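Student: I would like to take a close look at one single part of this structure. Could you please describe that part and then set it in its surroundings?

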Amino acid sequence: MEIKREPIDPAGGGPHIDGDALRVRRLNSRQLLRGAEVEGPNAAAHLEGTDFERYVEERVLTTTLEKATAWARSNSFFPATFGLACCAIEMMSIVAARVDVARFGFEAFRASPRQADLLILSGRVSIKMAPVVRRIYDQMLEPKWAISMGACCSSMGVFNNYALVPSDKFMPIDVHVPGCPPRPEALMHGVLKLRKMVQDDPEMGWRERYEAIGTEEVLPGA
Ligand code: SF4
């Protein structure tokens, strides 16, 4: 840093410098570096050189809008209030104190698919039920995600017969959680896997992923 010494007495030929203002400015700078609030609309203007760089590094974070959106989405899934079979009991328990999904911001289960962006298929899906599940999924917000929970939902499990259908056959699934039933911790692991997926890839709309453009429930302009 370059230091230039000048007399503060105008009578001595130097510029007029208000000594009090100088002291206040120095104190403000010290407070800023300690993280204290300083009054004034442009507090950082008190700093210069490396002090200013340090101030900015400590307080400013740069990112892209897509990454910020993906980060926000991945930390605030709104799961649909929807259960299919025995696995649903394990799903319900993730909001209880032991697993406490609220720690991650996913506890706001929505009673309407219009307000949900995550569908947890918790149990077996019969052929009769599949169109209903698909309708609920279609009514959900975009972008949206789905977790297949339990052996029945992913591979028909112990009920491997003509009445059941694996979820991949009628809708896109993002994460499969194995088990019969999976423990709440396993479901939580699946939700966190999904969170990672959404954070890593901001372009997470399933239509793009599965090249399903044109299959929207309501076409634009219709
Ligand atoms: S995977 Fe097991 S616990 Fe889950 S719905 Fe099927 S039979 Fe029930």
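**A buried loop residue and its setting**

Tutor: Met156 is placed in the loop between helix 6 (151–155) and strand 3. Helices (H or I, at least four residues) and strands (E, at least two) are DSSP runs, numbered from the N terminus. The model is predicted: local features need pLDDT of at least 70, side-chain atom pairs count only at pLDDT 80 or more, and totals for chains, interfaces and linings use all residues. Residues are numbered from 1 along each chain as its sequence is written, and side-chain values use heavy atoms, with hydrogens and water left out.

Met156 counts as buried because its relative accessibility is 14%. Buried means under 20% relative accessible area, exposed over 50%, and partly exposed in between (1.4 Å probe, protein chains only). In the chain, 33% of the 222 residues are buried. Leaving aside residues up to four places away in sequence, Met156 touches Ala151, Asn161, Leu164, Val165 and Pro166; contact means heavy atoms within 4.5 Å. Between Met156 and Ser167 there are 8.9 Å in space, C-alpha to C-alpha, and the two are 11 residues apart in sequence.

Ala151, a contact of Met156, is also among the residues that surround the ligand, together with Cys152, Phe159 and others. A residue is near a molecule or strand if one of its heavy atoms lies within 4 Å of it. The shell around the ligand consists of eight nonpolar, three polar and one charged residue. Here Ala, Val, Leu, Ile, Met, Phe, Trp, Tyr, Cys and Pro count as nonpolar, Asp, Glu, Lys and Arg as charged, and the others, Gly among them, as polar.

Strand 3, at one end of the loop, belongs to an open sheet of three strands in the order 1-2-3, with parallel pairing. Strand 1 (118–122) and strand 3 (175–177) stand at the edges, each with a single partner strand, so one side of each has no neighbour in the sheet. From one strand to the next, the twist averages 15°. Two strands pair if DSSP finds at least two bridges between them; strand 1 and strand 2 (residues 145–149) are joined by five bridges. Helix 7 (residues 184–200) lies across strand 1, strand 2 and strand 3, and runs at about 155° to strand 2. For such angles, axes are lines fitted to C-alpha atoms, for helices over the stretch in contact, and angles run from 0 to 180 degrees between N-to-C directions.
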